[in-house]
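Subject: Structure for you to look at

Hi,

Here is the structure I promised to pass on. Please open it beside this email, and then read on for what turned up in it.

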Amino acid sequence: MRRRRFITASAAATVALALDIDETPMTGRLSMSDITHARERIDRLDAHFSAIGGEPLLAVATAYLDRLTTAADHCTYGPRAEQALHTAIAVLCSSAGWAADDAGNLDAAHQWRTTALQRAILGAGHRAQARAWSDLATHARRGGHHREALRISQTALASRGARQDPRYAALLQSRLAIGHARTGDHPAAARALLTPQTAHDRINPTEPAPRWLNFLTAAEISGLAAITQQAMEHLADAETATTQALTFLEPGLRRSHAHYSVQLTELQIAQGNTAGARTTVAAVDTTKVSSQNSTGRLATVRRTLATA
(Lines give C-alpha, C1' and ligand atoms only; values in the text may rest on other atoms or scores of the structure.)
Protein backbone atom coordinates (compact mmCIF):
# COMPACT_ATOMS: atom_id res chain seq x y z
CA MET A 1 0.00 0.00 0.00
CA ARG A 2 1.41 3.36 -1.03
CA ARG A 3 2.07 5.74 1.81
CA ARG A 4 0.80 9.27 1.44
CA ARG A 5 2.35 12.35 2.91
CA PHE A 6 0.04 14.60 4.85
CA ILE A 7 0.54 18.29 5.53
CA THR A 8 0.66 19.07 9.22
CA ALA A 9 -1.47 21.79 10.75
CA SER A 10 1.61 23.87 11.49
CA ALA A 11 2.79 23.63 7.88
CA ALA A 12 -0.63 24.69 6.62
CA ALA A 13 -0.63 27.60 9.08
CA THR A 14 2.79 28.70 7.83
CA VAL A 15 1.59 28.70 4.23
CA ALA A 16 -1.60 30.55 5.19
CA LEU A 17 0.42 33.20 7.00
CA ALA A 18 2.77 33.63 4.05
CA LEU A 19 -0.19 34.11 1.72
CA ASP A 20 -2.05 36.41 4.13
CA ILE A 21 -4.96 33.97 4.30
CA ASP A 22 -6.81 33.81 7.60
CA GLU A 23 -9.90 31.94 8.79
CA THR A 24 -11.76 34.85 10.40
CA PRO A 25 -15.49 34.42 9.66
CA MET A 26 -16.97 36.82 7.11
CA THR A 27 -20.13 38.38 8.50
CA GLY A 28 -22.67 41.04 7.66
CA ARG A 29 -23.05 42.46 4.16
CA LEU A 30 -20.39 41.67 1.57
CA SER A 31 -19.29 44.35 -0.85
CA MET A 32 -17.40 44.05 -4.12
CA SER A 33 -14.34 45.22 -2.18
CA ASP A 34 -14.61 42.15 0.05
CA ILE A 35 -14.75 39.87 -2.99
CA THR A 36 -11.79 41.66 -4.57
CA HIS A 37 -9.70 41.03 -1.43
CA ALA A 38 -10.71 37.36 -1.54
CA ARG A 39 -9.66 37.10 -5.18
CA GLU A 40 -6.28 38.67 -4.36
CA ARG A 41 -5.66 35.97 -1.75
CA ILE A 42 -6.72 33.25 -4.20
CA ASP A 43 -4.33 34.70 -6.79
CA ARG A 44 -1.47 34.48 -4.30
CA LEU A 45 -2.35 30.86 -3.62
CA ASP A 46 -2.34 30.11 -7.37
CA ALA A 47 1.07 31.74 -7.79
CA HIS A 48 2.41 29.65 -4.93
CA PHE A 49 1.12 26.50 -6.62
CA SER A 50 2.95 27.28 -9.86
CA ALA A 51 6.15 27.75 -7.93
CA ILE A 52 6.24 24.72 -5.65
CA GLY A 53 3.25 22.49 -6.31
CA GLY A 54 -0.09 22.14 -4.59
CA GLU A 55 0.32 19.64 -1.78
CA PRO A 56 1.10 22.20 0.99
CA LEU A 57 -1.81 24.35 -0.18
CA LEU A 58 -4.59 21.78 0.13
CA ALA A 59 -5.44 22.41 3.78
CA VAL A 60 -5.20 26.18 3.23
CA ALA A 61 -7.43 26.11 0.15
CA THR A 62 -10.10 23.94 1.75
CA ALA A 63 -10.16 26.03 4.93
CA TYR A 64 -10.57 29.22 2.89
CA LEU A 65 -13.29 27.53 0.83
CA ASP A 66 -15.17 26.76 4.04
CA ARG A 67 -14.95 30.43 4.94
CA LEU A 68 -16.22 31.64 1.54
CA THR A 69 -19.03 29.10 1.25
CA THR A 70 -20.17 29.94 4.78
CA ALA A 71 -20.20 33.60 3.76
CA ALA A 72 -22.24 32.74 0.67
CA ASP A 73 -24.81 30.98 2.86
CA HIS A 74 -25.06 33.46 5.73
CA CYS A 75 -23.99 36.93 4.54
CA THR A 76 -26.05 39.41 2.55
CA TYR A 77 -24.95 40.91 -0.76
CA GLY A 78 -26.23 42.40 -3.97
CA PRO A 79 -26.60 40.56 -7.30
CA ARG A 80 -23.25 41.75 -8.64
CA ALA A 81 -21.38 40.71 -5.50
CA GLU A 82 -23.22 37.38 -5.53
CA GLN A 83 -21.97 36.54 -9.02
CA ALA A 84 -18.45 37.65 -8.11
CA LEU A 85 -18.53 35.52 -4.95
CA HIS A 86 -19.63 32.41 -6.83
CA THR A 87 -16.87 33.01 -9.38
CA ALA A 88 -14.28 33.45 -6.63
CA ILE A 89 -15.40 30.17 -5.05
CA ALA A 90 -15.16 28.50 -8.48
CA VAL A 91 -11.59 29.70 -8.94
CA LEU A 92 -10.64 28.53 -5.45
CA CYS A 93 -12.28 25.13 -6.06
CA SER A 94 -10.12 24.77 -9.18
CA SER A 95 -7.05 25.55 -7.08
CA ALA A 96 -8.13 23.00 -4.48
CA GLY A 97 -8.61 20.47 -7.26
CA TRP A 98 -5.00 20.84 -8.40
CA ALA A 99 -3.77 20.77 -4.80
CA ALA A 100 -5.63 17.50 -4.22
CA ASP A 101 -4.27 16.15 -7.50
CA ASP A 102 -0.73 16.96 -6.43
CA ALA A 103 -1.39 15.27 -3.09
CA GLY A 104 -2.46 12.10 -4.91
CA ASN A 105 -6.14 12.32 -3.94
CA LEU A 106 -7.85 12.08 -7.33
CA ASP A 107 -11.33 11.52 -5.88
CA ALA A 108 -11.15 14.80 -3.98
CA ALA A 109 -9.67 16.50 -7.05
CA HIS A 110 -12.67 15.42 -9.13
CA GLN A 111 -15.09 16.65 -6.48
CA TRP A 112 -13.48 20.09 -6.33
CA ARG A 113 -13.31 20.38 -10.13
CA THR A 114 -16.97 19.47 -10.53
CA THR A 115 -17.90 22.00 -7.86
CA ALA A 116 -15.75 24.60 -9.63
CA LEU A 117 -17.78 24.20 -12.80
CA GLN A 118 -21.08 24.44 -10.90
CA ARG A 119 -20.01 27.61 -9.10
CA ALA A 120 -18.62 29.16 -12.29
CA ILE A 121 -21.99 28.63 -13.98
CA LEU A 122 -23.79 30.20 -11.01
CA GLY A 123 -21.45 33.17 -11.16
CA ALA A 124 -21.65 33.46 -14.95
CA GLY A 125 -17.84 33.44 -14.85
CA HIS A 126 -16.95 32.54 -18.42
CA ARG A 127 -13.21 32.27 -17.81
CA ALA A 128 -13.78 30.29 -14.62
CA GLN A 129 -15.97 27.91 -16.62
CA ALA A 130 -13.27 27.47 -19.26
CA ARG A 131 -10.74 26.74 -16.52
CA ALA A 132 -13.02 24.19 -14.86
CA TRP A 133 -13.67 22.44 -18.17
CA SER A 134 -9.93 22.32 -18.87
CA ASP A 135 -9.24 20.78 -15.46
CA LEU A 136 -11.98 18.19 -15.94
CA ALA A 137 -10.47 17.21 -19.29
CA THR A 138 -7.11 16.66 -17.60
CA HIS A 139 -8.78 14.66 -14.85
CA ALA A 140 -10.56 12.40 -17.33
CA ARG A 141 -7.30 11.81 -19.20
CA ARG A 142 -5.47 10.99 -15.96
CA GLY A 143 -8.14 8.37 -15.27
CA GLY A 144 -7.72 6.82 -18.72
CA HIS A 145 -11.05 8.15 -20.02
CA HIS A 146 -9.61 9.60 -23.20
CA ARG A 147 -12.82 9.94 -25.23
CA GLU A 148 -14.43 11.76 -22.32
CA ALA A 149 -11.40 14.04 -22.08
CA LEU A 150 -11.62 14.77 -25.81
CA ARG A 151 -15.33 15.61 -25.62
CA ILE A 152 -14.80 17.87 -22.61
CA SER A 153 -12.02 19.73 -24.45
CA GLN A 154 -14.30 20.22 -27.46
CA THR A 155 -17.07 21.52 -25.20
CA ALA A 156 -14.67 23.86 -23.42
CA LEU A 157 -13.40 25.32 -26.69
CA ALA A 158 -16.96 26.32 -27.54
CA SER A 159 -17.23 28.30 -24.30
CA ARG A 160 -17.25 32.07 -24.25
CA GLY A 161 -14.11 32.17 -22.13
CA ALA A 162 -12.12 30.26 -24.75
CA ARG A 163 -13.49 32.40 -27.56
CA GLN A 164 -12.61 35.63 -25.79
CA ASP A 165 -9.15 34.88 -24.42
CA PRO A 166 -6.33 33.38 -26.53
CA ARG A 167 -4.61 32.12 -23.37
CA TYR A 168 -7.53 29.85 -22.57
CA ALA A 169 -7.80 28.86 -26.22
CA ALA A 170 -4.10 27.89 -26.32
CA LEU A 171 -4.43 25.72 -23.23
CA LEU A 172 -7.64 24.05 -24.37
CA GLN A 173 -6.32 23.47 -27.90
CA SER A 174 -3.31 21.74 -26.34
CA ARG A 175 -5.66 19.53 -24.33
CA LEU A 176 -7.63 18.82 -27.52
CA ALA A 177 -4.49 17.71 -29.39
CA ILE A 178 -3.63 15.33 -26.54
CA GLY A 179 -7.19 13.99 -26.60
CA HIS A 180 -7.06 13.24 -30.32
CA ALA A 181 -3.71 11.51 -29.91
CA ARG A 182 -4.84 9.40 -26.97
CA THR A 183 -7.97 8.25 -28.84
CA GLY A 184 -5.88 7.19 -31.83
CA ASP A 185 -6.88 9.94 -34.26
CA HIS A 186 -3.34 10.91 -35.17
CA PRO A 187 -4.19 13.05 -38.24
CA ALA A 188 -6.53 15.18 -36.09
CA ALA A 189 -3.86 15.36 -33.38
CA ALA A 190 -1.27 16.52 -35.90
CA ARG A 191 -3.61 19.24 -37.15
CA ALA A 192 -4.51 20.28 -33.61
CA LEU A 193 -0.83 20.64 -32.72
CA LEU A 194 -0.63 23.76 -34.88
CA THR A 195 -3.44 25.67 -33.18
CA PRO A 196 -2.12 26.19 -29.61
CA GLN A 197 0.92 28.10 -30.84
CA THR A 198 -1.27 30.17 -33.17
CA ALA A 199 -3.54 31.06 -30.25
CA HIS A 200 -0.55 31.79 -28.02
CA ASP A 201 0.86 34.16 -30.67
CA ARG A 202 -2.38 36.19 -30.46
CA ILE A 203 -1.85 36.98 -26.77
CA ASN A 204 -1.43 40.68 -26.06
CA PRO A 205 1.66 40.83 -23.80
CA THR A 206 0.47 44.12 -22.29
CA GLU A 207 -2.63 42.42 -20.86
CA PRO A 208 -1.83 40.62 -17.61
CA ALA A 209 -2.69 36.94 -17.45
CA PRO A 210 -4.82 35.48 -14.67
CA ARG A 211 -2.43 34.44 -11.91
CA TRP A 212 -3.25 30.75 -12.25
CA LEU A 213 -2.25 30.90 -15.94
CA ASN A 214 1.23 32.28 -15.29
CA PHE A 215 2.62 28.85 -16.20
CA LEU A 216 1.22 29.03 -19.75
CA THR A 217 4.29 30.30 -21.57
CA ALA A 218 5.72 29.19 -24.89
CA ALA A 219 7.69 26.64 -22.85
CA GLU A 220 4.48 25.09 -21.53
CA ILE A 221 3.00 24.94 -25.03
CA SER A 222 6.08 22.93 -26.08
CA GLY A 223 5.74 20.67 -23.05
CA LEU A 224 2.09 19.95 -23.82
CA ALA A 225 2.94 19.34 -27.48
CA ALA A 226 5.46 16.76 -26.29
CA ILE A 227 2.66 14.86 -24.54
CA THR A 228 0.76 14.74 -27.84
CA GLN A 229 3.86 13.59 -29.72
CA GLN A 230 4.49 10.90 -27.12
CA ALA A 231 0.90 9.66 -27.40
CA MET A 232 1.41 9.35 -31.17
CA GLU A 233 4.63 7.41 -30.44
CA HIS A 234 6.78 10.11 -32.03
CA LEU A 235 9.28 9.76 -29.21
CA ALA A 236 12.17 11.69 -30.77
CA ASP A 237 9.87 14.65 -31.51
CA ALA A 238 8.46 14.43 -27.99
CA GLU A 239 11.98 14.49 -26.53
CA THR A 240 12.88 17.54 -28.62
CA ALA A 241 9.74 19.39 -27.51
CA THR A 242 10.31 18.49 -23.86
CA THR A 243 13.92 19.67 -24.05
CA GLN A 244 12.71 22.94 -25.56
CA ALA A 245 10.20 23.35 -22.75
CA LEU A 246 12.91 22.89 -20.12
CA THR A 247 15.21 25.32 -21.92
CA PHE A 248 12.68 28.14 -21.90
CA LEU A 249 10.96 27.55 -18.55
CA GLU A 250 11.30 30.38 -16.05
CA PRO A 251 13.45 29.38 -13.04
CA GLY A 252 10.71 30.17 -10.55
CA LEU A 253 8.36 27.53 -12.00
CA ARG A 254 10.00 24.73 -10.04
CA ARG A 255 7.02 22.41 -10.24
CA SER A 256 7.02 22.61 -14.05
CA HIS A 257 10.79 22.03 -14.15
CA ALA A 258 10.41 18.86 -12.10
CA HIS A 259 7.43 17.69 -14.14
CA TYR A 260 9.10 18.06 -17.52
CA SER A 261 12.45 16.76 -16.31
CA VAL A 262 10.72 13.54 -15.30
CA GLN A 263 8.91 13.51 -18.64
CA LEU A 264 12.25 13.84 -20.44
CA THR A 265 13.70 10.99 -18.40
CA GLU A 266 10.73 8.77 -19.27
CA LEU A 267 11.18 9.52 -22.98
CA GLN A 268 14.90 8.78 -22.84
CA ILE A 269 14.22 5.44 -21.13
CA ALA A 270 11.57 4.58 -23.72
CA GLN A 271 14.16 5.12 -26.48
CA GLY A 272 16.83 3.04 -24.73
CA ASN A 273 18.98 6.04 -23.81
CA THR A 274 19.64 5.02 -20.22
CA ALA A 275 22.86 7.04 -20.03
CA GLY A 276 21.02 10.23 -20.96
CA ALA A 277 18.19 9.33 -18.59
CA ARG A 278 20.62 8.93 -15.70
CA THR A 279 22.12 12.33 -16.44
CA THR A 280 18.69 13.94 -16.61
CA VAL A 281 17.34 12.34 -13.46
CA ALA A 282 20.46 13.21 -11.49
CA ALA A 283 19.75 16.90 -12.11
CA VAL A 284 16.11 16.78 -10.97
CA ASP A 285 15.63 18.79 -7.79
CA THR A 286 12.36 18.20 -5.95
CA THR A 287 13.51 19.46 -2.55
CA LYS A 288 11.34 22.57 -2.92
CA VAL A 289 8.52 20.92 -4.88
CA SER A 290 5.52 19.43 -3.08
CA SER A 291 3.83 17.32 -5.72
CA GLN A 292 3.24 13.64 -5.10
CA ASN A 293 2.49 13.29 -8.80
CA SER A 294 5.98 14.42 -9.79
CA THR A 295 7.84 12.74 -6.94
CA GLY A 296 6.00 9.47 -7.53
CA ARG A 297 6.92 9.42 -11.21
CA LEU A 298 10.48 10.32 -10.30
CA ALA A 299 10.70 7.37 -7.93
CA THR A 300 9.42 5.08 -10.68
CA VAL A 301 12.03 6.15 -13.22
CA ARG A 302 14.77 5.82 -10.63
CA ARG A 303 13.70 2.24 -9.92
CA THR A 304 13.64 1.54 -13.66
CA LEU A 305 17.16 2.92 -14.08
CA ALA A 306 18.42 0.98 -11.07
CA THR A 307 17.57 -2.29 -12.81
CA ALA A 308 18.57 -1.24 -16.34
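Before the first helix pair, one definition: axes are lines fitted to C-alpha atoms, for helices over the stretch in contact, and angles run from 0 to 180 degrees between N-to-C directions. Please also keep in mind that this is a predicted model.

**Helices H12 and H13**

With that in hand, take helix H12 (residues 218–231) and helix H13 (residues 235–248), whose axes are 8 Å apart and which pack at an angle of about 165 degrees. An angle over 145 degrees counts as roughly antiparallel, so H12 is roughly antiparallel to H13. Their crossing is left-handed. On the H12 side, the contact is made by Ala-219, Ser-222, Gly-223, Ala-226, Gln-229 and Gln-230. H13 brings Leu-235, Asp-237, Ala-238, Ala-241, Thr-242, Gln-244, Ala-245 and Phe-248 to this contact. Sorted by type, the residues of the H12 and H13 contact are seven nonpolar, six polar and one charged.

The loop between H12 and H13 holds Glu-233. What is the phi of Glu-233? It is near 65 degrees, a positive value in a residue other than glycine. As background, most residues other than glycine have a negative phi. Glu-233 has a relative accessible area of 67% and is therefore exposed.

**Helices H3 and H4**

Next, look at helix H3 (residues 58–74) and helix H4 (residues 79–102), whose axes come within 9 Å and cross at roughly 160 degrees. H3 and H4 are therefore roughly antiparallel to each other, and H3 passes H4 in a left-handed crossing. Which residues make this contact? From H3 they are Leu-58, Ala-61, Tyr-64, Leu-65, Leu-68, Thr-69 and Ala-72. From H4 they are Leu-85, Ile-89, Leu-92, Cys-93, Ala-96, Ala-99 and Ala-100. The contact of H3 with H4 has 13 nonpolar residues, one polar and no charged.

Arg-67 also has its place in helix H3. Is Arg-67 buried or exposed? Its relative accessible area is 15%, so Arg-67 is buried.

**Helices H14 and H16**

H14 passes H16 in a left-handed crossing. In H14, the residues that meet H16 are His-259, Val-262, Gln-263, Thr-265, Glu-266 and Ile-269. They meet Ser-294, Arg-297, Leu-298, Val-301, Thr-304 and Leu-305 in H16. The contact of H14 with H16 divides into five nonpolar, five polar and two charged residues.

**Around H5 and H6**

Ala-124 lies in the loop between helix H5 (106–122) and H6. Ala-124 is not a glycine, yet it has a positive phi of about 50 degrees. With a relative accessible area of 35%, Ala-124 is partly exposed.

Further along, Ala-132 is found in helix H6 (residues 126–142). Ala-132 has 1% relative accessibility and so counts as buried. Leaving aside residues up to four places away in sequence, Ala-132 touches Ser-94, Arg-113, Ala-116 and Leu-117. The C-alpha atoms of Ala-132 and Gln-118 are separated by 9.0 Å, and these two residues are 14 apart along the chain.

**The whole protein**

Stepping back, there are 16 helices and zero strands in the protein. Its C-alpha atoms fill a box of roughly 65 × 40 × 40 Å, taken along the principal axes. What is the radius of gyration? The protein has 20 Å, which agrees with the value near 19 Å that a compact globule of 308 residues would have. Of the 308 residues, 52% count as buried. Among contacts between residues at least 6 apart in sequence, 70% join residues at least 24 apart.

Happy browsing, and do write back with any questions.

Best wishes

Definitions and conventions: Residues numbered from 1 in each chain as written. Predicted model: local features only at pLDDT ≥ 70, side-chain atom pairs only at ≥ 80, totals over all residues. Heavy atoms only, no water. Helix = DSSP H or I, 4+ residues; strand = E, 2+ residues; numbered from the N terminus. Parallel < 35°, antiparallel > 145°, perpendicular 65-115°, else oblique. Left-handed = near helix turned anticlockwise from the far one by under 90°. Contact = heavy atoms within 4.5 Å. Nonpolar A, V, L, I, M, F, W, Y, C, P; charged D, E, K, R; others polar. Rg over C-alpha atoms; globule rule 2.2 N^0.38 Å. Buried < 20%, exposed > 50% of the residue type's maximum accessible area, 1.4 Å probe, protein only.
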